[in-house]
Amino acid sequence: MKKRIWFFALLAVVVISATAIYWFYFSKPDPFLTNEQLIEEMNQVFPEAAVKVIQGTISIDERHRVVPFVAEGDKYGFSNWEWQQHKWEIVSFNTMEQPYIWKINSEDPTTFRLIWNIHPADQVGYLTFYLIRQRGYHSRDGQVTYDPGVQMAKKVTLQGKSYGVLQLPDDWAVFMNSLKNVESVKNPDIFSNHFFFDKSIYFGWTAYDKLGKETFPKGNNNNGFSTGGGDLDFLMYLNESKIESPKDGE
């Protein structure tokens, strides 16, 4: 009899624990915050930003959102949100008025998002984003291998909006995963559980006005700031002199 009581008591503990874990970590997210709640939350966490207007809410998936906004001083920025520990939380915040890349899952480039919110006064007509792998050589076990240069481009027209979100293009993700697969075969002990990024690979961007002339957005970003750790990465601005066939991807 005592064994049965202990068994059912243990079963109850397991069921309650499993239910609590599911509720806390895996339950369906609550409806996203209202504009008023977003402003209140952002200004509480980042009072120096003084967010005034929410421009919109962009849904990445069930648990991730991007919120572009206008802050005091006519600054344009965005915040990234994630449903975690049973609540919506800010995971990164930016008022630099330049594009960034959000690596939602650093192991999976299909989850990467290019995000921007550029001041309308800069009169940018379109942006071109780049994935670049520099030419080079590497040596392993006495053998020297040539790594060809790669340049992949994607043009994005702003269409009258200061902000936007772009999923990493499919061919970019395929290329990056191919590098991971090659390295995991060569070095299974090192790369079996980690996404491999070749150090010669980087993301960049170039801006053009409505006439197709290269321009650098100035905005009001002198006093801007960005926070978000390794999940939010800076994109290098690339002058046309630093890239090949600069308008590829149109």
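Two strands are taken to pair if DSSP finds at least two bridges between them. Helices (H or I, at least four residues) and strands (E, at least two) are DSSP runs, numbered from the N terminus. The structure is a predicted model, in which local features need pLDDT of at least 70 and side-chain atom pairs count only at pLDDT 80 or more, while totals for chains, interfaces and linings use all residues. Residues are numbered from 1 along each chain as its sequence is written, and side-chain values use heavy atoms, with hydrogens and water left out.

The protein contains 4 helices and 17 strands. Of its 250 residues, 43% are buried, where buried means under 20% relative accessible area, exposed over 50%, and partly exposed in between (1.4 Å probe, protein chains only). Among contacts between residues at least 6 apart in sequence, 60% join residues at least 24 apart; a contact means heavy atoms within 4.5 Å.

An open sheet is formed by 4 strands in the order E12-E7-E6-E16, with antiparallel pairing. Strand E12 (163–167) and strand E16 (232–234) stand at the edges with a single partner strand each, so one side of each is left without a neighbour in the sheet. From one strand to the next the twist averages 25 degrees, with axes defined as lines fitted to C-alpha atoms, for helices over the stretch in contact, and angles running from 0 to 180 degrees between N-to-C directions. Strands of a sheet pair through backbone hydrogen bonds, either parallel or antiparallel.

Within this sheet, strand E7 (residues 112–117) is mostly covered, 6 of its 6 residues being buried. Phe112, Leu114 and Trp116 point one way from E7, whereas Arg113, Ile115 and Asn117 point the other way. Strand E7 is joined to E12 by 5 bridges in an antiparallel arrangement, and Ile115 stands opposite Val165 in E12. Strands E6 and E7, also antiparallel, are joined by 4 bridges; here the bridge partner of Lys103 is Phe112 in E7.

Strand E6 (residues 100–103) is joined to E16 by 3 bridges, and these two strands run antiparallel. Trp102, which lies in strand E6, stands opposite Leu232 in E16. The two residues are 130 residues apart in sequence, yet their C-alpha atoms are 4.6 Å apart in space. Trp102 is buried, with a relative accessible area of 2%.

Glu41 is placed in helix H2 (residues 35–45) and counts as partly exposed at 30% relative accessibility. Not counting residues up to four places away in sequence, Glu41 touches Trp81 and Ile90. Arg135 is placed in the loop between strand E8 (124–133) and strand E9 (136–140) and counts as exposed at 54% relative accessibility. Leaving aside neighbours within four places in sequence, Arg135 is in contact with Tyr146, Asp147, Pro148, Gly149 and Glu244. Arg135 and Ser200 are 65 residues apart in sequence and 8.0 Å apart in space, C-alpha to C-alpha.

Most residues other than glycine have a negative phi, and most peptide bonds are trans. Asp74 has a positive phi, near 60 degrees. This residue, Asp74, is found in the loop between strand E3 (64–71) and strand E4 (75–84) and is partly exposed, with a relative accessible area of 38%. Gln159 also has a positive phi, near 55 degrees. Gln159 lies in the loop between strand E11 (150–157) and E12, and at 70% relative accessibility counts as exposed.

The second largest pocket holds about 200 Å³ of space. Of the 13 residues lining this pocket, the closest to its centre are Val124, Leu158, Gly160, Lys161 and Lys210. On a 1 Å grid over the protein atoms alone, a pocket is an open set of points where a 1.4 Å probe fits, with protein on both sides within 12 Å along at least five of seven lines, and lining residues have an atom within 4 Å of a point. Grid points are joined across faces, edges and corners, and the volume is the space filled by probe spheres set on the points. By class, the lining has 4 nonpolar, 7 polar and 2 charged residues (Ala, Val, Leu, Ile, Met, Phe, Trp, Tyr, Cys and Pro count as nonpolar, Asp, Glu, Lys and Arg as charged, and the others, Gly among them, as polar).
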